[in-house]
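Work through the exercises below with the sequence and the model open. Each task is followed by its solution in steps.

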Amino acid sequence: MGAMLVKAISLILIIVIGYNMKRVGWVSLSDFPKFSKIVLWVTLPCALATSFNEFEISYNLLFLVAIGIGVNLIQQLAGYLVNRHTDAKTQAFGILNIGSYNIGAFAMPYISGFIGSESIIFASLFDVGNAIGAAGIGYGCALSITNENEKTSVLQFLKNMLRSPVFDTYLFLLIIRLMDLHLPNAVITFTSTVGSANTFMAMLMIGIGLELHLDQKKFKMAFKYLGMRYGFALIFTIIVAFFIPFPHQVKTVLCMLFFSPIASMIAGFTSDVKGDVETSAFMTSFSIIMGIILMPMVLMIMG
């Protein structure tokens, strides 16, 4: 428990560093898209390549991938529907910022420390679905809605999905692992070096985008979406805990994941669709604090 708390506090401190760098003038909010591109196009794909290279796919647990996709789609649909009478950027913001889960940088070490190494398999498979849902479908939908110069169609939607470097990376890695192939050691040496910077860069990026002095309208919007997110987390937890016949350890891992923080890439995606980065970064930062509190509580309740 102590080690996991230190890990969580470390993530928050990196966000504080990024926030203070902006406060003293080393960087500005206008620099956020640059940091976002470094994370989404360089460090995160490298981190995924390194961690996924030895990942063993358990075919009898592939339902966890479907759950990862499903819970994202449900929240994305809700984010769109509550904003269906507003402008495209607000609709895209709702699609991107209610769902998604920070599995690799936060939930994975948190859960493995509490439950054990087997939980990493469950969380990793859920994360594959999470990436498809958030970085693929959600990102594709948000781009399709906000791009007024392109006609919305299935083909254009698929093209927008493939514009997500995170989704492309996951898709490529999933294909080669299904073929039981591995990346060469020389490639992994490179990706592990670059990918080791991902957690720091992602949290720093969030700190740069974070704005604590939001106006009342933005605070209201942030907590409306956060309320929806944790409302869905509670509903998903009740369904999994009481109505689905999964093994108890799988149930526990899933219920903890539902309360994990918003994925760090979401602030970058919000920037890509010209959305409200400050509110997105605030929500991500707040969800980290909530994750520190709620995930151990779920474990205690689940026994």
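**Exercise 1.** List the buried residues of α3 and find what covers them.

Solution. The model is a predicted one. Step 1: the residues of α3 that count as buried are Leu64, Val65, Ile67, Gly68, Val71, Asn72, Gln75, Gln76, Ala78 and Gly79. Step 2: the cover over these buried residues includes α4 (88–97), α6 (118–146), α11 (216–243) and α12 (248–257). Step 3: α3 itself spans residues 63–81, 19 residues in total. From first C-alpha to last it reaches 27 Å, close to the 27 Å expected at 1.5 Å a residue.

**Exercise 2.** Determine how α3 and α4 run relative to each other, and describe their contact.

Solution. Step 1: the two axes come within 7 Å and cross at roughly 155°. Step 2: angles over 145 degrees count as roughly antiparallel, so α3 is roughly antiparallel to α4. Step 3: the crossing of these two helices is right-handed. Step 4: on the α3 side the contact is made by Gln76, Gly79 and Tyr80, and on the α4 side by Gln91, Gly94 and Ile95. Step 5: sorted by class, this contact of α3 with α4 holds two nonpolar and four polar residues, with no charged ones.

**Exercise 3.** Classify the packing of α11 against α14 and the residues in their contact.

Solution. Step 1: α11 and helix α14 (residues 277–302) pack at about 30°, their axes 11 Å apart. Step 2: angles under 35 degrees count as roughly parallel, so α11 is roughly parallel to α14. Step 3: α11 passes α14 in a right-handed crossing. Step 4: the residues of α11 that meet α14 include Phe219, Met221, Phe223 and Leu226, and among their counterparts in α14 are Phe282, Met283, Phe286 and Met290. Step 5: the contact of α11 with α14 divides into 14 nonpolar, two polar and two charged residues.

Notes
Residues numbered from 1 in each chain as written. Predicted model: local features only at pLDDT ≥ 70, side-chain atom pairs only at ≥ 80, totals over all residues. Heavy atoms only, no water. Helix = DSSP H or I, 4+ residues; strand = E, 2+ residues; numbered from the N terminus. Expected span 1.5 Å × (residues − 1). Buried < 20%, exposed > 50% of the residue type's maximum accessible area, 1.4 Å probe, protein only. Contact = heavy atoms within 4.5 Å. Axes fitted to C-alpha atoms, helices over the stretch in contact; angles between N-to-C directions. Parallel < 35°, antiparallel > 145°, perpendicular 65-115°, else oblique. Left-handed = near helix turned anticlockwise from the far one by under 90°. Nonpolar A, V, L, I, M, F, W, Y, C, P; charged D, E, K, R; others polar.
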